[in-house]
Amino acid sequence: MSNSVYKIIEVVGTSDVSFGDAAKAAVETAAKSLKDLRVAEVKELDMKIENGKVVAYRAKVSLSFKYVAD
């Protein structure tokens with residue numbers, strides 16, 4: 001059995017619709033430049049507020065992907 005190593009990074013996605021859309025945006029955007037994503041974990045949720053109204057949903061997402069050294 002071969003050993004594997006995974007790298008973990010955090011990204012923040014935003015949406016003006018929902019937390020789910022914010023998390024999805026984070027994963028889908030990261031997937032455009034990172035190969036072999038394995039797990040996404042939502043770490044924090046928050047909202048941007050302007051004039052007493054929610055204007056954006058934000059999701060901090062921890063992503064892991066297989067690390068391959070050159």
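**View 1. S64 in strand β3 of a predicted model.** S64 is part of strand β3, residues 53-66; helices (H or I, at least four residues) and strands (E, at least two) are DSSP runs, numbered from the N terminus. S64 is buried, at a relative accessible area of 12%; buried means under 20% relative accessible area, exposed over 50%, and partly exposed in between, with a 1.4 Å probe and protein chains only. Beyond its neighbours within four places in sequence, S64 has contacts (heavy atoms within 4.5 Å) with K7, I8, D36, L37, R38 and V39. This is a predicted model: local features need pLDDT of at least 70, side-chain atom pairs count only at pLDDT 80 or more, and totals for chains, interfaces and linings use all residues. Residues are numbered from 1 along each chain as its sequence is written, and side-chain values use heavy atoms, with hydrogens and water left out.

**View 2. The open sheet.** Three strands are arranged in the order β1-β3-β2 with antiparallel pairing; two strands pair if DSSP finds at least two bridges between them. Because β1 (6-15) and β2 each have a single partner strand, they stand at the edges, and one side of each lacks a neighbour in the sheet. β2 and β3 are joined by twelve bridges, and V42 is opposite V61 in β3.

**View 3. Two loop residues with positive phi.** Most residues other than glycine have a negative phi. D36, in the loop between α1 (19-30) and β2 (37-50), has a positive phi of about 60° and is partly exposed at 39%. N51, in the loop between β2 and β3, has a positive phi of about 50° and is exposed at 82%.
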